[in-house]
Amino acid sequence: MDEIGLISNGSLGFEFDFLAPAHMAASLQSSESLKVRVEGSQALQVEGRIEQIQNAVSSYQAGGSNGTSADVSMKRVQVTLNNENLKGGEKAQVELTKVTDDAILVPKKAIRDDGGEKYVFGIEVKNGPLGNAFYIRKLPVTVIDSNESVSAVTEGLFEQQKIVTESSEPLQAGDKIRL
């Protein structure tokens, strides 16, 4: 996630601040170093230092590409820069990434939303006298990040679990399906 701020002159050098979703800012700490791309008359990569992390406005509406929106808690991050090539007024850009070992990537079209509750349709196998039968099961998930094609899910799924990405018919939990 790229965050952009405007550099201003502070008492300890130059500083800027930006808003970041709370789940992304949770891994940041005061006094931590960040790589900052500064764009002005020339592009520079400088090292910044986090001075402060504060709660920002409780939330904002993050609009999705399909017209949906969700409340996202935000944090305000203040960063100082000490570099003799800075003049003030340049744009500063920080790339925040959240690294997690337990995230599973699923196609974005498999994620469904029911009033803010995200879920996927999983496939449950039941053994019967005539062989295996397959049923739809609603699995609540926690989505930590998305792009235009995939979503990173941390809760609700396990690796190699079969999920529904497309269907020719409307589905609901408990429906019997053919694979």
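Biologist: Over how many bridges do strand β12 and strand β13 pair?

Modeller: In this predicted model, strand β12 covers residues 117–128 and strand β13 covers residues 131–140. Asparagine 127 stands opposite asparagine 132 in β13. The two strands run in the antiparallel sense, and their pairing extends over 10 bridges.

Biologist: Which residues make up the covered face of strand β4?

Modeller: In a regular strand the side chains alternate between the two faces of the sheet. In β4, residues 33–39, the uncovered face carries Ser33, Lys35, Arg37 and Glu39. The covered face consists of Leu34, Val36 and Val38.

Biologist: Which residue of β9 stands opposite valine 38?

Modeller: Strand β4 pairs in the antiparallel sense with strand β5 (residues 43–55) over 7 bridges, and serine 33 has arginine 49 in β5 as its bridge partner. With strand β9 (residues 91–95), β4 pairs in the antiparallel sense over 3 bridges. There, valine 38 stands opposite alanine 92.

Biologist: How many residues in the lining of the second largest pocket are nonpolar?

Modeller: This pocket holds about 170 Å³ of space. Its lining includes Ile123, Ile163, Val164, Leu171, Ile177 and Leu179, and also Glu166 and Arg178. By class, 2 lining residues are polar and 2 are charged, while the nonpolar ones number 6.

Definitions and conventions:
Residues numbered from 1 in each chain as written. Predicted model: local features only at pLDDT ≥ 70, side-chain atom pairs only at ≥ 80, totals over all residues. Heavy atoms only, no water. Pairing = 2+ DSSP bridges. Helix = DSSP H or I, 4+ residues; strand = E, 2+ residues; numbered from the N terminus. Buried < 20%, exposed > 50% of the residue type's maximum accessible area, 1.4 Å probe, protein only. 1 Å grid on protein atoms, 1.4 Å probe; cavity = no way out; pocket = protein on both sides within 12 Å on 5 of 7 lines; lining within 4 Å. Points joined across faces, edges and corners; volume = space filled by probe spheres on them. Nonpolar A, V, L, I, M, F, W, Y, C, P; charged D, E, K, R; others polar.
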